[in-house]
Amino acid sequence: MPSPSVLTVLACALYATSAVLAWRRQRLLTVAAALALTSHAGALSIELFLDGALHIGVSEALSLFAWQSALLLWVFSFREPVAVNGVLIYPLAGMLAAAAAVLPSPRSAVEPLSWQVSLHILISLLAAGVLTLAAVQAAALAIQERLLRRHALASRSSHLPPLQLMERLLFQMVAVGFGLLSLTLLTGLWFVEDWMAQHLAHKTVLSIIAWIVFGVLLWGRWRYGWRGRIAIRWALSGYGILILAYFGTKIILEQVLQKHWAWPGS
């Protein structure tokens, strides 16, 4: 079992520090998170790129996905009061960075990918990253609503923005993630030659179902003004299906069936 690199250890420590600073609303959060992201990116560059080609196994995909989620949160925090979500996002990024370093995917099971396929995968991970932030936002909104119903909002949710702002941010994230997911599905059609032979049928079907769920959520918001628990349930359901589509099928293929998704040029 490989030992974590210095960059990975540093990233984990900085992510943990960032989570504490996010909870305490400290100004140093921006700097600590930036250093964590930089260290994590350095570790990823070593793990992902071999012989000039991109190699993505389960561990590396999870680490890259977590890094993108943390990066998006860091960027969004400059415009919107969502930094508190780092209490969940930053520790998750640290844990998945450590997992990629300690439990790397077997290189023999991961083929080098063309730049077109690599771009498609990066877009899909970006979509998952944005929708991860939406899922965390939905979870925070659910906690806030529960506290409100129990009349404990003032004493226990001082770290959270106003409820209406939380809902607005949730739908903004879902809308951006939906657009990226649409782009992912469209670009993915270019690479499909044989659904079954490429082991893409289950992933594609689940991704389309997730896309439909998010689309219905946005339509319900526009047409009927959906909010509160309805919005939370639809957002979390769509996210669960999406994660199952990508990481669930990938884990089963690579860890159980000892296969992997096949792409043209791989």
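A nonpolar core is a set of buried Ala, Val, Leu, Ile, Met, Phe, Trp, Tyr and Cys residues joined through side-chain atoms within 4.5 Å. In this predicted model, the largest such core has 63 residues. Tyr-15, Tyr-90 and Leu-170 are the residues with the most contacts inside this core.

| Helix | Residues |
|---|---|
| H1 | 6–24 |
| H4 | 86–102 |

Two packed helices are described by the angle between their axes and the distance between the axes. For H1 and H4 the angle is about 170°, and the axes lie 8 Å apart. Angles over 145 degrees count as roughly antiparallel, and H1 and H4 are therefore roughly antiparallel to each other. On the H1 side, the contact is made by residues including Thr-8, Cys-12, Tyr-15 and Trp-23; on the H4 side, Tyr-90, Ala-93 and Gly-94 are among them. By class, this contact has twelve nonpolar, four polar and no charged residues.

Leaving aside neighbours within four places in sequence, Tyr-15 is in contact with Ala-36, Leu-37, His-40, Trp-67, Ala-70, Tyr-90, Ala-93 and Gly-94.

Helix H2 has 20 residues and spans 27 Å from its first C-alpha to its last, close to the 28 Å expected at 1.5 Å a residue.

Key. Residues numbered from 1 in each chain as written. Predicted model: local features only at pLDDT ≥ 70, side-chain atom pairs only at ≥ 80, totals over all residues. Heavy atoms only, no water. Axes fitted to C-alpha atoms, helices over the stretch in contact; angles between N-to-C directions. Helix = DSSP H or I, 4+ residues; strand = E, 2+ residues; numbered from the N terminus. Parallel < 35°, antiparallel > 145°, perpendicular 65-115°, else oblique. Contact = heavy atoms within 4.5 Å. Nonpolar A, V, L, I, M, F, W, Y, C, P; charged D, E, K, R; others polar. Buried < 20%, exposed > 50% of the residue type's maximum accessible area, 1.4 Å probe, protein only. Expected span 1.5 Å × (residues − 1).
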